[in-house]
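Notebook open, model loaded. I'm jotting down what I looked up, in the order I looked.

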Amino acid sequence: MTTSAPPSLAARTTDEVRSLLDDPLLHELHHGLGGPYHLLFPGRFDANAAAFREALAEAGVEGQVYFAKKANKAAVFVERAAVLGLGVDVASHGELREALAHGVRGADVVVTGPAKSEQLLRVAVLQGSLVAVDAIDELDRVLALAAGLGRTARVLLRRLPPGQPHSRFGLDEDECETALRRCSAGPVDVEGFSFHLSGYDVRQRADLAGQLVRLCLHAREMGLRADRISIGGGFAVDYVGADDWRRFTKEHRPEHYHADKTFSGFYPYHSPVAGADALRAVLGATPAGEREPLARLLRAAGVRLLAEPGRALLDQAGCTVFAVQGVKERDGYAVLTVDGTSLSLSEQWFESEYLPEPVLVPHTEESDAGPFPACVGAATCLESDMISWRKIPFPLRPVVGDLLLYLNTAGYQMDSNESPFHELALPPKVVIEHPSDSVRPRWRLDRHP
């Protein structure tokens, strides 16, 4: 056996998912679909959206929540955004096309991303979408397009975060002033400013939001509208419990991973302030140099707050299911091979590991009792194609035919890095719904092409 037991890191989940663990549906879907698949729970998306809206309402702040579409390609989440009246954040012509096709109004789309294509900008201007302008040359293209089309473009000016001078995104102070001067005489409506920050620092986000409020007041002195700011995404998801995360970060070591694998860092899978509560914390914080919380600054200035969560709107809105198709013994642990690849669990894309451990769903009652440490390899011929390098302490000995249910994977995990390598089909997405007239859940395939 290994010299020490691998620490467990159980994932948070919901009653809806727990009810499926004893339901034959999971095995039936695997048999019918012929391989791995993703489960989607649109009801959780709806609940998360309601929580963000409630946070704005509690603070007395006018605002709009946009779903960051890059977080998941499924059609159902864009469909729910349209029904709920949410906005959608897109960064490509394909994403814009999908949002419009699934019922989202052009006016409810915000277009972000660097150096946008001519096609994307043209459709955005025609549809009346809000464009976050990232550079001076992009602003010039927007102005020319709007003039040529006889339209007025709606724009936000994306601000380069202070302290990040080497970022390739956003306008610095001088560029922002240049942009404001050019906008004052062009066919463009400057609705305000935006920024995006890496990480989940509430204080940093509130400080920069306070600066954007001041920028709005400055822009109004130049005759511009400037009545809203976007603080982007960056609302953490709390995947695991505090005690489990503390224990894991203290105790884990290379011997707990297949081939003594090491990583430079992990996503913070536990966050004491997450989702809509993180938005509450930002609104309640007092920006540097101000005397009042951000919410009061927004109200006093008549500035709307836009937020673009992706991962946080998808919290508990999906799972990923693989089947065990091989068990190989090693020194004190096993190497499981499943019928999918790490390309469908995308944290490996960041040279990291998706740490919340999967739930074993046996297909027989004859499994040996554990704990039984095992890592999870994929069905390709690459040594590096590991879904879980960590030796997960399963409660039972996994056998061929068992399922592994990776929890809470809707946010960025399902398709950020997908590829039909080895001609393996991409896992289909299965929408799980609970009609009031049915005892059992119903399912359908997601309509994303």
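How many helices and strands are there in the protein chain? I count twelve helices and 17 strands, where helices (H or I, at least four residues) and strands (E, at least two) are DSSP runs numbered from the N terminus. Before going on, I note that this is a predicted model, that local features need pLDDT of at least 70 and side-chain atom pairs pLDDT 80 or more, while totals for chains, interfaces and linings use all residues. Residues are numbered from 1 along each chain as its sequence is written, and side-chain values use heavy atoms, with hydrogens and water left out.

**Overall shape**

Along the principal axes, the C-alpha atoms fill a box of roughly 75 × 45 × 40 Å. I also checked burial: 54% of the 449 residues count as buried. Buried means under 20% relative accessible area, exposed over 50%, and partly exposed in between (1.4 Å probe, protein chains only).

**Aromatic rings**

Next I went through the rings of Phe, Tyr and Trp (its six-membered ring), which pair if their centres lie within 6.5 Å; planes under 30 degrees apart count as stacked, over 60 as edge-to-face and the rest as tilted. By this rule I get 16 aromatic pairs. One of them is Phe263 with Phe266, at 5.3 Å centre to centre and 50° between the planes, which makes the pair tilted. Phe263 is buried at 18% relative accessible area, and Phe266 is partly exposed at 23%.

Then I looked at Phe322 and Tyr406: their ring centres are 5.9 Å apart and their planes are at 80°, so this pair is edge-to-face. The pair links distant parts of the chain, with Phe322 in strand β10 (residues 318–329) and Tyr406 in strand β15 (residues 403–406), 84 residues apart. Both Phe322 and Tyr406 are buried.

Which residues form one aromatic cluster? I find Tyr200, Tyr239, Trp245, Phe248, Tyr257, Phe263, Phe266, Tyr267, Tyr269 and Tyr354 in it.

**Lysines over rings**

A charge sits over a ring if NZ of Lys or CZ of Arg is within 6 Å of the ring centre and within 35 degrees of the ring normal. Lys261 lies over the face of Trp389, 4.9 Å from the ring centre. Lys391 has its charged end over the ring of Tyr333, at 4.1 Å from the centre.

**Pockets**

Rolling a probe the size of a water molecule over the atoms shows where empty space is left. On a 1 Å grid over the protein atoms alone, a pocket is an open set of points where a 1.4 Å probe fits, with protein on both sides within 12 Å along at least five of seven lines; lining residues have an atom within 4 Å of a point. Grid points are joined across faces, edges and corners, and a volume is the space filled by probe spheres set on the points.

The largest pocket has a volume of about 1100 Å³. It has 38 lining residues, and Lys70, His196, Leu197, Ser198 and Tyr412 are the closest to its centre. I sorted the lining into 14 nonpolar, 15 polar and nine charged residues. Here Ala, Val, Leu, Ile, Met, Phe, Trp, Tyr, Cys and Pro count as nonpolar, Asp, Glu, Lys and Arg as charged, and the others, Gly among them, as polar.

The second largest pocket holds about 230 Å³. Of its 13 lining residues, Val335, Thr337, Leu382, Glu383 and Met386 lie nearest its centre. Its lining divides into five nonpolar, four polar and four charged residues.

Ala259 is in the loop between α10 (242–251) and α11 (275–284) and is exposed, at 59% relative accessible area.

Last, Val321 in strand β10. Val321 is buried at 1% relative accessible area, and its C-alpha atom is 9.5 Å from that of Val359, 38 residues apart along the chain.
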